[in-house]
Amino acid sequence: MTARSSAITIDVDSLRFYREIHGLPPAPIEDDPIYTVAMPRFWELIDEMRRPPTLFLIGEDAPRHPAAFEAAKAVGAEIGNHSFAHDYRLTTRSSADIRADLSRAHEALLPLSPDARITGFRAPGYNVSPALLAVVKELGYRYDSSLLPSPLYFGLRAAAIAMYRVLGRPSRSLTGELRAFSGTQAPHPIDADLIELPITCEPLTRAPLFGTSWVVASDRLRRFMLNSALKRLDLINFEMHGIDLLDSTDRGVPPELAASQRDLKVPVREKMRAFRQLFRELAEHTDVRTLGTLAVEGALS
Ligand SMILES: [Zn+2]
């Protein structure tokens, strides 16, 4: 079996949320480099490969940076809903609060969508619940792409959250439930109208094959992860974050964040080379589509 389709997806998470993850005190970030530095780099990569990506945007932040998403139209990019407030504890809220957050994000993000539609959702922090998915369905969406079926990632994140608690600087991250991190990574129906498109992990180890692991891996490890996924999966749903295209020398990246977020130490030149190589290989070996196209056209059966 070989991967026939792939999607390049980016969660455009503002830098302030990384402060929350690492338990750092809130501080205003003027002119957030995620929008002004990382996004232009992302479009440079996309321009070279000429395939449409899927962008999951935060309703509260993205509309303040419309210039960062102007390039979406020319390449037919898809805009997806990544919630309004990017609340890592969204699954612990009431259904009414979840509905209010997701609807508000939907309205805020519509003007950024090239086709004036939003049909997909990705949860903050990979945590979903039946109540959250019910709201996604109510919005008329066709797919959810929140699951990261990696027990390894679940364990590492739980350890990090526990460590920050011991250090007296609690993280906003939610440990979540192991069950959600250990299921299938094949696309599967949630119900008749809604499909789950899990984020891709290397199939043998279930190590996430996503932006952060891609930039810190050696060339040899990258080759192993990608070849294994190409060989064993029908769909590669590659997830990256805006922060994957920044390094600690970029203007506006707080030094205390660079000290906690180790992948910021990888020079951006090296990161761009790594992503360029990945995107080239995906374009060569698979049909690169948006998640929305894949979900709607049923290209996954
Ligand atoms: Zn996010």
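## Helices α8 and α10

Helices α8 and α10 run roughly parallel to each other, a label given to angles under 35 degrees, whereas angles over 145 count as roughly antiparallel, 65 to 115 as roughly perpendicular and the rest as oblique. The model is a predicted one, in which local features need pLDDT of at least 70 and side-chain atom pairs count only at pLDDT 80 or more, while totals for chains, interfaces and linings use all residues. Residues are numbered from 1 along each chain as its sequence is written, and side-chain values use heavy atoms, with hydrogens and water left out.

Helix α8 covers residues 219-232 and packs against α10 at an angle of about 25°, the two axes lying 12 Å apart; axes are lines fitted to C-alpha atoms over the stretch in contact, and angles run from 0 to 180 degrees between N-to-C directions. Helices are DSSP runs of H or I with at least four residues, numbered from the N terminus. The crossing of α8 past α10 is right-handed, that is, the near helix is turned clockwise from the far one by less than a right angle.

On the α8 side, D219, R222, R223, L226 and L230 meet E270, R273, A274, Q277, L278, E281, L282 and H285 of α10, where contact means heavy atoms within 4.5 Å. By class, this contact of α8 with α10 comprises five nonpolar, two polar and six charged residues; Ala, Val, Leu, Ile, Met, Phe, Trp, Tyr, Cys and Pro count as nonpolar, Asp, Glu, Lys and Arg as charged, and the others, Gly among them, as polar.

## Helices α2 and α10

Helix α10 (residues 268-285) also packs with helix α2 (residues 33-49), at an angle of about 30° and with the axes 10 Å apart, so α2 and α10 are roughly parallel to each other. Their crossing is right-handed.

The α2 residues R41, E44, L45, I46, E48 and M49 meet V268, M272, F275, R276, F279 and A283 of α10. In the contact of α2 with α10, eight residues are nonpolar, none is polar and four are charged.

## Helices α4 and α5

Helix α4 (residues 95-109) packs with helix α5 (residues 130-138) at an angle of about 40°, their axes being 9 Å apart, which makes α4 oblique to α5. The contact joins S95, I98, R99 and L102 of α4 to A131, L132, V135, V136 and E138 of α5, and the residues of this contact of α4 with α5 divide into six nonpolar, one polar and two charged.

Methods: Helices (H or I, at least four residues) and strands (E, at least two) are DSSP runs, numbered from the N terminus.
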